[in-house]
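User: Hi! I'm new to this one. Could you walk me through it?
Analyst: Happy to, here it comes.

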Amino acid sequence: MRKRVNKFGITLAAVATLCSAFAIEAIADDNEDVLARAKELGLQFQDGRFRDKDGNPAPVVTKDYKVDWGTWDGFRRYHDACHVCHGPNAGGSTFAPSLGDSLQTMDYATFMQTVASGRIVDRGGTKYVMPAFGEDRNVMCYIDNIYTYIKSRAQNMQDPKAGMPPGRPAGRQDIPPEIKQYAADCMGDK
């Protein structure tokens, strides 16, 4: 019995090592794919994220749906804080609008203001309330990432060949060291 357990343990360790090597190689490939796509889009890498010509955070989505770190993290954060009201793919619900539709015309500054301060809209006597998240570090420390994820969904809703389709991204870029440090500082981790 002991020999069987040891063989299993050795086999398991070998498989884990092989999987780890595959994962490292896949992320390296994802990094190259994302950087090439960002270059095609004319985006600049600044402060650990991709930005458009106006300095706003911008998503990078490859043709096979690999994404930059910010968009990947935004996918995770969106599903933690936003999807309950705005739907699993930013497509809206019976009581909250489609953010994918909203970000086709809403600029970054308006998005930030709305998330931080909230908003009340009266449509035909029904009040729709967006709560303020300005004091919520789990949202505000990652707001640029949430924005890039929703923006990538907005791009896809407008053109099915662009942006991020519904579902999980196929791969991601490594987390830039600047973003690790920013997150630690913002969340108060020392």
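User: Are Y108 and Y147 buried or exposed?
Analyst: Both Y108 and Y147 are buried, meaning under 20% relative accessible area with a 1.4 Å probe, protein chains only. Keep in mind that this is a predicted model, where local features need pLDDT of at least 70, side-chain atom pairs count only at pLDDT 80 or more, and totals for chains, interfaces and linings use all residues. Residues are numbered from 1 along each chain as its sequence is written, and side-chain values use heavy atoms, with hydrogens and water left out.

User: How many aromatic pairs are there?
Analyst: The count is 6 aromatic pairs, where rings of Phe, Tyr and Trp (its six-membered ring) have centres within 6.5 Å. Y108 and Y147 make an edge-to-face pair (planes over 60 degrees apart), with 4.9 Å centre to centre and 75° between the planes.

User: Where do those two sit in the chain?
Analyst: Y108 is in helix α5 (residues 108–117) and Y147 in helix α7 (residues 143–158), 39 residues apart, so the pair links distant parts of the chain. Helices here are DSSP runs of H or I with at least four residues, and strands are runs of E with at least two, numbered from the N terminus.

User: Which residues form one aromatic cluster?
Analyst: That would be W72, F75, Y78 and Y149.

User: Switching topic: how many helices and strands?
Analyst: The chain has 8 helices and 6 strands.

User: And how much of the chain counts as buried?
Analyst: Of its 190 residues, 36% do.

How values were computed. Phe/Tyr/Trp six-rings, centres within 6.5 Å; stacked < 30°, edge-to-face > 60°. Buried < 20%, exposed > 50% of the residue type's maximum accessible area, 1.4 Å probe, protein only.
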